[in-house]
Amino acid sequence: MRTFHNTYEESPERLKELFQNADNIKGRRPNSKQSRNSLLSTHERHLKLLSEGNLPVKTIILPPPYPPSPTPLKDEKCKGIRLNELRYGVRDHIAFLLLKVISKPYIHSNTILIAEDESGDVARLTFCNLEDSLLDPIFFENDVIAVKQPCWTQLPDDAFHIRVDHPSDFVKLEEDDELIPETWRAEKKEEVKKTAEEWKKEGDMAFLKKKFRVAMKCYKNGLLAPSLTISAKTDLHRKKCGVNIVLTRLDDAATDLANAICSLLSTSSSHSPSLNPLQIVTWLHEDTPMNLLPEALQSVPKPFLELASRIKFDLGVFQPTPVYDFPLMTSYVTPLTLHLDCPNYTSSTMIRQTPTHGRGLFASKAFKRGELILVEKAFVLPSYVMEDKRSQCLLCFGEMVKKVQCNPSLRKKFFELDAGSSFSRVLHEGGGGEGIKGEDTQDVPDVFRIHAILRHNSFNAPLTSFSLLHQPHQEMRTGIWLHASSINHSCIPNSVRTFVGDIFVLRATRDVKEGEEVVMQYLSPDVDEKVRAERLGEWGFECRCRLCEVDESIGEVEREERGKLFEQLKGAVMKAAGNGVPPTNTAIKKIAKMTRELESLYDAHSELYASLPRLALVHPTLWLAEAYRTAKNTGKGVEYSLKLLRNFGIIIEVDHEKQEFKVVSEKGLVNVEVVRALKYLREDFVEKGEERLAEQAGGLARAWWMCVTGSEVGMVEFLGF
Ligand SMILES: C[S@@+](CC[C@H](N)C(=O)[O-])C[C@H]1O[C@@H](n2cnc3c(N)ncnc32)[C@H](O)[C@@H]1O
């Protein structure tokens, strides 16, 4: 039997091809009309596929960018048009189409439905970039939708649809909206009148079934019910607030909570000073922590204050000092509870323009090695993890669009993310054209801009950086941190980022001067400069740090020779380590000899690499340090631990006479191997009774443990002291 091809989930390649050819048909009308029966029967078959659940991985392929319509639907300039007036690719931002939904929605990568206009013409509508779900769908049959700046978009096999990329380009009309034609309005059933209590119960049932949009409608209806008591009003506003929090509609949640609190306080007999809803909304949007509660709210019961706390943390709360209980925070984090109620600490850094790479983060005070520079809660970090990277990004994108779309108060700060970057210029000059960027478009967030921000500003986070030590292959979540997004990359950075749930923690790996730019590694650097460049190219830039410049300057021939020797060494190390038994002396000697050969290639450029990491040497040196340790050769163990540090770019001089352990240069990489090398050094010093050296090595190990894991959690167990 021939299987039915799912044309609602077209392959990215086919769609890209169609987008590329879109200009050839721009302005034309489709050759044929779409028949109601064929559209509906195709849709039915897709709904069946959906119910069978055998669906491809979700993908979103964006067309060339175009701006969202800036014109509100109720603007007098707006004009209604019909399906038979649409053309391919021609968008008129003051035109809108009124459509009635005549099918159930198909919801997977996109939301797809069939709708008719007032003349009875029928079209397939595809809504992209929506956070929609089968359990709690946005659209139902008979809903009336206004689609702004509609046009036809081509699909494979001569099919076509109306594709809506910007969520602000459609409005789902309320049943009593004056725009709805009489004929459609008459078809609506008379709603049986219910009491506020009945609406509340129905809403609660829907909430329990996770049908949040239905619950919202019930609570709204409850507030309109006749003879509403003050206590029912308080309750319904509070419940609406809860639903809005779940739906990430924080601005609306703040208004609901303010109304609930005012309604509650209106019945209170206490003579505490009163607040109006607007004042409460303003307080909820202030970035001050909960402990600065206005006097008038001191008597408000705990459940209301818990909602207030939720809203404030999600909108962003700041504290002036870097005081955090990291062990407590870490203990809360599980895959289901990774969002922590934690204030941000950003006051010791500032975002400024750099001469060459857009905005950057700068130290507004001096930082000591290991000190906290920045702590920030994620703007968006999905709870779910998807196996493949593209789907993971898609989850993050969906949540970003939803949060930006639903919360006007957050938009300005969010869109500052692309203020200084070259990618926004490319997007706006290249495809988007006028009207995409600027204050005037803040009301209508542009999904293409949001997508570009995701590509250039997102980071991948493990559950906690500490857990990464035990589970190095755990799934990562893609998220966005607004302040941290200004941090530029360097292969030889002065800070390291870590995560505790959705909290981004940045610490100084070496002393940072006031006014210095704070930089971190986006990726742990590959030995091969070309591979590094390729991987960083995904962010759309070329790294010009000293290491990349020097690695490049030595020339292709030598780089190849180095690479060849590195690969040979890797093979030899794998062979020696492969059988699970301690390596033989012969194997150790052979690898030490090959390592010296590779060292000599770096030594030929000793001035250039004076204080720079020698990345190709890291792997064999690490192996040798461990091998000598296993063989209980303390002298060689110390030598190779120091060499390992040196190859990471950390040059240490040990003066046994003066008992001095001096960091001569630390413009290198700090990671768990560096901490381990210091742990070994300390243990060797302890064994030899060199207490002062042991203390200094131990202090450095502790500072860098804090950097690479974010906190003191697990430090004693790892370091053994
Ligand atoms: C997370 S953002 C960093 C902040 C960014 N400079 C800005 O203006 O918003 C990442 C983007 O910054 C730029 N960038 C970061 N590190 C860079 C570097 N070392 N050299 C050049 N551009 C860099 C690239 O455009 C990259 O896509």
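Domain bounds here come from an automatic or database domain assignment. In this predicted model, the chain is divided into four such parts: domain 1 spans 12-186, domain 2 spans 196-315, domain 3 spans 326-525 and domain 4 spans 550-719. The centres of domain 1 and domain 3, taken over C-alpha atoms, are separated by 33 Å. These two domains touch, with 18 residues of domain 1 in contact with 23 residues of domain 3. On the domain 1 side, the touching residues comprise 10 nonpolar, 5 polar and 3 charged ones.

A helix pair comes next. Helix α5 (residues 196-208) packs against helix α6 (residues 212-224) at an angle of about 170°, and their axes lie 8 Å apart. Angles over 145 degrees count as roughly antiparallel, so α5 is roughly antiparallel to α6. From α5, the contact draws on Ala196, Trp199, Lys200, Glu202, Gly203, Ala206 and Phe207; α6 contributes Phe212, Val214, Ala215, Cys218, Tyr219, Asn221 and Gly222. Sorted by class, this contact has 9 nonpolar, 3 polar and 2 charged residues.

Turning to strands, an open sheet of 4 strands runs in the order β10-β11-β18-β15, with mixed pairing. Strands β10 (349-353) and β15 (488-489) stand at the edges; each has a single partner strand, so one side of each is left without a neighbour in the sheet.

Methods: Residues are numbered from 1 along each chain as its sequence is written. This is a predicted model: local features need pLDDT of at least 70, side-chain atom pairs count only at pLDDT 80 or more; totals for chains, interfaces and linings use all residues. Two strands pair if DSSP finds at least two bridges between them. Helices (H or I, at least four residues) and strands (E, at least two) are DSSP runs, numbered from the N terminus. Axes are lines fitted to C-alpha atoms, for helices over the stretch in contact, and angles run from 0 to 180 degrees between N-to-C directions. Angles under 35 degrees count as roughly parallel, over 145 as roughly antiparallel, 65 to 115 as roughly perpendicular and the rest as oblique. Two residues are in contact if their C-beta atoms, placed from the backbone, lie within 7 Å. Ala, Val, Leu, Ile, Met, Phe, Trp, Tyr, Cys and Pro count as nonpolar, Asp, Glu, Lys and Arg as charged, and the others, Gly among them, as polar.
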